[in-house]
Amino acid sequence: MDGIKYAVFTDKSIRLLGKNQYTSNVESGSTRTEIKHWVELFFGVKVIAMNSHRLPGKSRRMGPIMGHTMHYRRMIITLQPGYSIPPLRKKRT
């Protein structure tokens, strides 16, 4: 799938796992309905809510030229109780 890049593991996203919310970075051009449809189809879960925000790219300097990296979008996906995404279900020991 081209829409979802990878799962995000920060302090906040790990805390949200207890509320059945999963965080991942997605392509900035993807829409909520595309991501929702793909998550429900691929993982076999029911999505009840999706929150997204766009994170700005970081500034990068190459010699005298100032540039920046591309911006990206982060989605917080809330699943119905009783559902979970299998790769993120197990705890590491």
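**Entry 1: Thr 23 and its strand**

I looked up Thr 23 and found it in strand β2. Strands (E, at least two residues) and helices (H or I, at least four) are DSSP runs, numbered from the N terminus. I note that this is a predicted model, where local features need pLDDT of at least 70, side-chain atom pairs count only at pLDDT 80 or more, and totals for chains, interfaces and linings use all residues. Residues are numbered from 1 along each chain as its sequence is written, and side-chain values use heavy atoms, with hydrogens and water left out.

Is Thr 23 buried or exposed? Its relative accessibility is 9%, so Thr 23 counts as buried. The cut-offs are under 20% relative accessible area for buried, over 50% for exposed, and partly exposed in between (1.4 Å probe, protein chains only).

Next I listed what Thr 23 touches, leaving aside neighbours within four places in sequence. Its contacts are Ala 7, Val 8, Ser 13, Leu 16, Arg 74, Met 75 and Ile 76. Contact means heavy atoms within 4.5 Å.

**Entry 2: Gln 21**

I moved to Gln 21, also found in β2, which covers residues 21-26. Gln 21 has a relative accessible area of 17% and is therefore buried. Beyond four places in sequence, Gln 21 is in contact with Ser 13, Leu 16, Ile 76, Ile 77 and Thr 78. I also checked Gln 21 against Met 75: 54 residues apart in sequence, 9.9 Å apart C-alpha to C-alpha.

**Entry 3: β2 as a whole**

Which way do the residues of β2 point? Gln 21, Thr 23 and Asn 25 point one way, while Tyr 22, Ser 24 and Val 26 point the other, and all are buried. In a regular strand the side chains alternate between the two faces of the sheet. With 6 of its 6 residues buried, β2 is largely enclosed by the rest of the structure.

I then traced the partners of β2. Strand β1 (residues 4-7) pairs with β2 in the antiparallel sense over 3 bridges. Two strands pair if DSSP finds at least two bridges between them. Ile 4 stands opposite Val 26 of β2. Strand β6 (residues 72-79) runs antiparallel to β2, joined by 6 bridges. Thr 23 has Ile 76 as its bridge partner in β6.

**Entry 4: helix α2**

Helix α2 holds 12 residues, 32-43, and at 1.5 Å a residue should span 16 Å. The expected span is 1.5 Å times one less than the number of residues. The end C-alpha atoms of α2 are 16 Å apart, which agrees.Ile 35, Trp 38 and Val 39 are buried in α2. Seen down the axis of α2, its buried residues fall within an arc of 100°, so they line one face of the helix. The arc is that of the directions from the helix axis to the C-beta atoms. An α-helix has 3.6 residues a turn, so residues three or four places apart point the same way.

What do the buried residues of α2 pack against? They pack against β1, β2, β3 (47-55) and β6. On the face turned away from the buried side, α2 carries the exposed residues Thr 33, His 37 and Leu 41. Just after α2, Gly 44 takes a positive phi of about 70°.

**Entry 5: aromatic rings**

I counted 3 aromatic pairs in the model. Rings of Phe, Tyr and Trp (its six-membered ring) pair if their centres lie within 6.5 Å; planes under 30 degrees apart count as stacked, over 60 as edge-to-face and the rest as tilted. The ring centres of Trp 38 and Phe 42 are 4.8 Å apart with planes at 10°, so the pair is stacked.

Both Trp 38 and Phe 42 lie in α2, 4 residues apart, about one turn of the helix. Trp 38 and Phe 43 pair edge-to-face, 5.9 Å centre to centre with 85° between the planes. Trp 38, Phe 42 and Phe 43 form one aromatic cluster.

I compared their cover. Trp 38 counts as buried at 19% relative accessibility. Phe 42 counts as exposed at 56%. Phe 43 counts as partly exposed at 24%.

**Entry 6: the β4-β5 hairpin**

Strands β4 (residues 59-62) and β5 (residues 65-68) run antiparallel, joined by 4 bridges. They form a hairpin with 2 residues between them. Gly 63 in the turn has a positive phi of about 70°. Arg 61 has Met 66 as its bridge partner in β5.

**Entry 7: the whole protein**

Last, I stepped back. The protein has 2 helices and 6 strands, in the order β-α-β-α-β-β-β-β along the sequence. Its C-alpha trace spans about 55 × 35 × 20 Å along the principal axes. Of its 93 residues, 29% count as buried.
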